[in-house]
Amino acid sequence: MTDVIFLLLIFFMITSTLIVPTAMEVNLPQSADTVTLRPVSEVYIDSLGQYYFVTDRNDSIAANREPRQVTRKELTAFLQLVHTQDSTRPVALYADRDVHYGTVVSLLDDASRQGVKMVLATQPNDE
């Protein structure tokens, strides 16, 4: 009986430490402030300025969990859809550190005009 409990303990310790990596490879800027908020919808801007959207990171449908490359107009439509489904749900923005500041601000401005709350994703400082 003790063996089973020990094995279950090890199993849960290992599975609870698994972290789901972000779907896109972006070099996030660093920040000292951290927030525990975990949005389920995600927007990615890679270093080439291409946009990707994840509808729902926790969805049981694989197509909704995977990043999908979209145009800027399609991204605006997706943000409107997210807002109509749940107006309190924030959207995480993963922008590569090489993306122009104006591109990020423009996207944040579009989201704000639609009433969508966006959260900028950053890496913690190495201090």
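Arg-113 is exposed, with a relative accessible area of 61%. (Exposed means over 50% relative accessible area, buried under 20%, and partly exposed in between, for a 1.4 Å probe and protein chains only.) Salt bridges that share partners join Arg-113 with Arg-72, Asp-109 and Asp-110 in one network.

This is a predicted model: local features need pLDDT of at least 70, side-chain atom pairs count only at pLDDT 80 or more, and totals for chains, interfaces and linings use all residues. Residues are numbered from 1 along each chain as its sequence is written, and side-chain values use heavy atoms, with hydrogens and water left out.

## Salt bridges

Side chains of opposite charge can pair when their charged atoms come close. A salt bridge here is a side-chain nitrogen of Lys or Arg within 4 Å of a carboxyl oxygen of Asp or Glu. How many turn up in the whole structure? The search finds three.

| Salt bridge | N to O distance |
|---|---|
| Arg-72 and Asp-110 | 2.6 Å |
| Asp-109 and Arg-113 | 2.6 Å |
| Arg-113 and Asp-110 | 2.9 Å |

Take Arg-72 and Asp-110, joined by a salt bridge. Arg-72 sits in helix 3 (residues 72-85) and Asp-110 in helix 4 (residues 101-114), so this pair ties together parts that are 38 residues apart in sequence. Helices are DSSP runs of H or I with at least four residues, strands are runs of E with at least two, and both are numbered from the N terminus.

The other pairs stay within helix 4. Asp-109 and Arg-113 are four residues apart there, about one turn of the helix. Arg-113 and Asp-110 are three residues apart, also about one turn.

Buried or exposed: which is Asp-110? At 17% relative accessibility, Asp-110 counts as buried. Arg-72 is partly exposed at 22%. Asp-109 is partly exposed too, at 37%.

## Aromatic pairs

A pair of aromatic rings is described by the distance of the centres and the angle of the planes. Rings of Phe, Tyr and Trp (its six-membered ring) pair if their centres lie within 6.5 Å; planes under 30 degrees apart count as stacked, over 60 as edge-to-face and the rest as tilted. The count comes to two aromatic pairs.

Tyr-44 and Tyr-94 are stacked, 4.9 Å centre to centre, with 20° between the planes. Tyr-44 lies in strand 2 (residues 41-45) and Tyr-94 in strand 5 (residues 91-95), 50 residues apart. Both tyrosines are buried.

Phe-53 and Phe-78 are stacked as well, 4.9 Å centre to centre, with 15° between the planes. Phe-53 is in strand 3 (residues 51-54) and Phe-78 in helix 3, 25 residues apart. Phe-53 is buried at 2% relative accessibility, and Phe-78 is buried at 15%.
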